[in-house]
Amino acid sequence: AVVAALGAHALESTDLPGLMLEAAADVQRTLGAAYVGVHQYVAERDVFVLFAGLGHDPESGVGTTTPAANSHLGATLTSNSGLIVHDWNAQTDFSDAAFFRSHRLSGGISVPIPGQQAPFGVLTVQGSQPGQFNYEDILFLQAVVNIFAAALDRCESEEKIRHQALHDIVTGLPNRILFEDRLSRALATARRRQRQLAGP
């Protein structure tokens with residue numbers, strides 16, 4: 001029911017951060033999670049940036065970066081189906097294990113979020129009890145990230161169509177439609193402020 005409702009909203013929404021925050025809230029309620037985060041992967045810097053999250057420390061809000069190297073987020077990104085950590089206290093393989101232990105998170109699951117050309121990032125869910133999550137929870141999260149992937153594809157396609165409508169196909173330069181739009185906005189602003197748009 002949660003996946004169906006989220007899917008219906010994704011078809012209507014153009015607010016990607018809002019959709020992902022809503023999904024994080026749904027996942028948190030459904031799985032009884034202490035923390036849910038959507039981490040976007042930035043390949044140029046080899047880091048994850050927190051795109052949307054719930055239950056995180058106020059000091060580690062949206063925009064916080066995590067190095068991908070040796071992290072469970074990085075391992076999840078390259079996995080086919082996802083990753084379960086049953087107990088962070090027994091986990092020493094990942095560089096971000098200490099962060100989860102310091103925030104009293106005991107175990108978690110993470111799944112990669114697909115994108116058109118490359119993975120978008122990782123959806124991670126952390127709990128306060130060891131062994132809180134299982135394979136069925138991974139299947140639920142995979143259904144959620146499939147909705148993310150569809151929403152990402154739609155947003156990218158709409159942006160591409162918008163760009164093609166306002167730019168020359170051959171040169172990529174702004175076309176007459178975009179020029180007229182910007183000019184009419186500038187004229188309206190000048191009229192409101194009772195100023196000249198251009199001087200002699």
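Partly exposed means a relative accessible area between the buried limit, under 20%, and the exposed limit, over 50%. Keep those cut-offs at hand for this tour of a predicted model.

**Stop one: helix α6.** Select residues 176–192, the span of helix α6. Now pick out R176 and E180. Their side chains meet in a salt bridge, at 3.0 Å from N to O. The two residues are four apart in the helix, so about one helical turn separates them. Colour them by accessibility. E180 has a relative accessible area of 40%, so E180 is partly exposed. R176 has 64% and is exposed.

**Stop two: helix α2.** Go to residues 16–31, which form helix α2. Select R29 and D26. Here the side chains meet in another salt bridge, at 2.4 Å from N to O. R29 and D26 are three residues apart, about one turn of the helix. Are these two partners buried or exposed? R29 counts as exposed because its relative accessibility is 60%. D26 counts as buried, at 12%.

How many salt bridges does a search of the whole structure find? It finds two.

**Stop three: D96.** Select D96, in the loop between β4 (83–85) and α4 (97–102). D96 is buried, yet has no salt bridge. Finally, show S71, H72 and L73. D96 touches these three, leaving aside residues up to four places away in sequence.

Conventions
Residues are numbered from 1 along each chain as its sequence is written. This is a predicted model: local features need pLDDT of at least 70, side-chain atom pairs count only at pLDDT 80 or more; totals for chains, interfaces and linings use all residues. Side-chain values use heavy atoms; hydrogens and water are left out. Buried means under 20% relative accessible area, exposed over 50%, partly exposed in between (1.4 Å probe, protein chains only). Lys and Arg count as positive and Asp and Glu as negative; His and the chain ends are not counted. A salt bridge is a side-chain nitrogen of Lys or Arg within 4 Å of a carboxyl oxygen of Asp or Glu. Contact means heavy atoms within 4.5 Å.
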